[in-house]
There are 2 protein chains.
Amino acid sequence: MTRKIKAVSRSYIDTMEPGFRAQFINSLSGFKSVNLVGTCDAQGRENLAIVSSVVHLGANPPLMAMVTRPRSVERHTVENLMATSFFTLNHVSSAFVEAAHQTSARYARDQSEFAQVGLTPWYSEAFPAPYVAESALRIGLRWRESKLIELNDTELIIGEIDEVHLDSMAWREDGSVDIEALGSVALSGLDSYHTTQRLRRLAYAKPGLPPRPLG
Amino acid sequence: MTRKIKAVSRSYIDTMEPGFRAQFINSLSGFKSVNLVGTCDAQGRENLAIVSSVVHLGANPPLMAMVTRPRSVERHTVENLMATSFFTLNHVSSAFVEAAHQTSARYARDQSEFAQVGLTPWYSEAFPAPYVAESALRIGLRWRESKLIELNDTELIIGEIDEVHLDSMAWREDGSVDIEALGSVALSGLDSYHTTQRLRRLAYAKPGLPPRPLG
């Protein structure tokens, strides 16, 4: 394989047209998770927004985080989860990726994205924020903390897991979930959705032992 | 499709055996990016560590972040980047996923993971931290800030992009990078690596317009 590696300097990045730069820089982190965040406002009006910045923070206590922009379309989500303390994260699968993407349109506050894009709100007995019925892996979280990142006015929103609902066929005996079997998609850049194909699982690495497949 | 959705309560999560819980909770965020972080210590000794928590923070200024555990194996990385201010992120492709995974073994501080796992350090003219020559997308960053997350003693490490080196064949005219064409992999859970297959790109969503493919 011959490759031609191109060098891109910071001074060149700073001269890029904003849309081009957004496409470029958003491509660099690698593949991203794709989740829908479900919330209600204090009046019970539902909101649904797609996010690609959800990360694992820790297993004990079970914590997850996502990055949001204070002034973006996701502001309804942030206001709702701060007002009510509850939000849901719902894996997006290839079966409803268009509807999920459409939630990023700038709908008015009194328009439910569920109704606008054709997804179905679903509630568990014990949890007050709406899940997405079409999703095969749904997580209910309590808002714990937000960290303002002053460098660019984004926020890291941290939630603690309260309950999980998942398609039981994908839950393995070792505790892991086969999210590929659920059809969960990955995102690259701003707008490219991907299905996945498992390469392999690798066992816990130890010095002096070569990498070895798991199982 | 018949699905059986299983409910998992927080009280059940709290009773899980730690290894089982780690596998479960680590599966929930969705697909993760896979990068190698390259650093040097003040004496110029190289370090390389795999991370699955890199996220995009913003395009202008170009910022990326990653979550690390203060007391984990990645501590060498965190100490190095705080001592020198420089680190690199390098996409992992299917061609060297075993070597990349092996960097997570607990090597001693004076052992270079590059040598231990068989990857090649590469330096650009202007940047003092080591890149991975095998990687088709390499990012040089200056450490800007770390945010301690007191809830579980993790840290959000924030870096500003100084330069990028990438295989030019994957750089599209709109600024985006076709990371699937580069062979970049995605991770699920703790140990499952995946290649991807593009479903489609979707155009910027607007209220009142149906979702539509890009291009």
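In this predicted model, chain B can be laid on chain A by a turn of 180° and a shift of 0.0 Å along the axis, with an RMSD of 0.0 Å. The two copies are thus related as by a two-fold rotation axis. A handy landmark for finding this axis in chain B is B:T196, whose C-alpha is the nearest to it at 2.1 Å. Both copies use the same surface for their meeting, since 100% of the contact residues of chain B recur in chain A.

The meeting of the chains can be described through its residues and its area. Chain A and chain B each bring 112 residues to the contact. The size of an interface is often given as the accessible area lost when the parts come together. Between chain B and chain A, about 9,700 Å² is buried, and carbon and sulfur atoms give 60% of this area. Three residues, B:R10, B:F31 and B:L151, supply 8% of the area that chain B buries against chain A, which is more than any other three residues.

Polar and charged groups also take part. Between the two chains, 58 residue pairs are in polar contact, and the count of salt bridges is 8. In one salt bridge, B:R201 is joined to A:D191, with the closest N and O atoms 2.8 Å apart. On the side of chain B that touches chain A, strand β11 (residues 154-167) gives the most, with 11 residues. The residues of this side of chain B divide into 52 nonpolar, 32 polar and 28 charged.

Strand pairing also crosses from one chain to the other. Strand β1 (residues 5-9) of chain A pairs with β11(B) in the antiparallel sense, over 5 bridges. Within this pairing, A:K6 has B:L166 as its bridge partner in β11(B). Both chains likewise share an open sheet of 6 strands, with antiparallel pairing and the order β2(A)-β12(A)-β13(A)-β13(B)-β12(B)-β2(B). At its edges stand β2 (32-33) of chain A and β2 (32-33) of chain B, each with a single partner strand, so one side of each is left without a neighbour in the sheet. In chain B, the partner of β2(B) is strand β12 (residues 186-188), and these strands run antiparallel over 2 bridges. There, B:K32 has B:L187 of β12(B) as its bridge partner.

Strand β10 (residues 137-149) of chain A runs antiparallel to strand β7 (residues 86-91) of chain A, and 5 bridges join them; here A:F86 is partnered with A:R142 of β10(A). Strand β10(A) is also joined by 12 bridges to strand β11 (residues 154-167) of chain A, again antiparallel. A:S146 stands opposite A:I157 of β11(A). In the hairpin of β10(A) and β11(A), 4 residues lie between the strands, and A:D153 takes a positive phi near 60°.

Over all chains, the count of salt bridges comes to 30. One of them joins the side chains of A:R109 and A:E79, at 2.9 Å from N to O. A:R109 lies in the loop between α4 (97-102) and α5 (113-117) of chain A, while A:E79 lies in helix α3 (residues 75-84) of chain A, so the pair ties together parts that are 30 residues apart in sequence.

Terms used: Residues numbered from 1 in each chain as written. Chains lettered and ligands numbered in written order. Predicted model: local features only at pLDDT ≥ 70, side-chain atom pairs only at ≥ 80, totals over all residues. Heavy atoms only, no water. Pairing = 2+ DSSP bridges. Contact = heavy atoms within 4.5 Å. Buried area = accessible area lost by both parts, 1.4 Å probe. Salt bridge = Lys/Arg side-chain N within 4 Å of Asp/Glu carboxyl O. Polar contact = N/O pair within 3.5 Å; in protein donor to acceptor, adjacent residues only side chain to side chain. Nonpolar A, V, L, I, M, F, W, Y, C, P; charged D, E, K, R; others polar. Least-squares fit on C-alpha atoms with pLDDT ≥ 70 in both.
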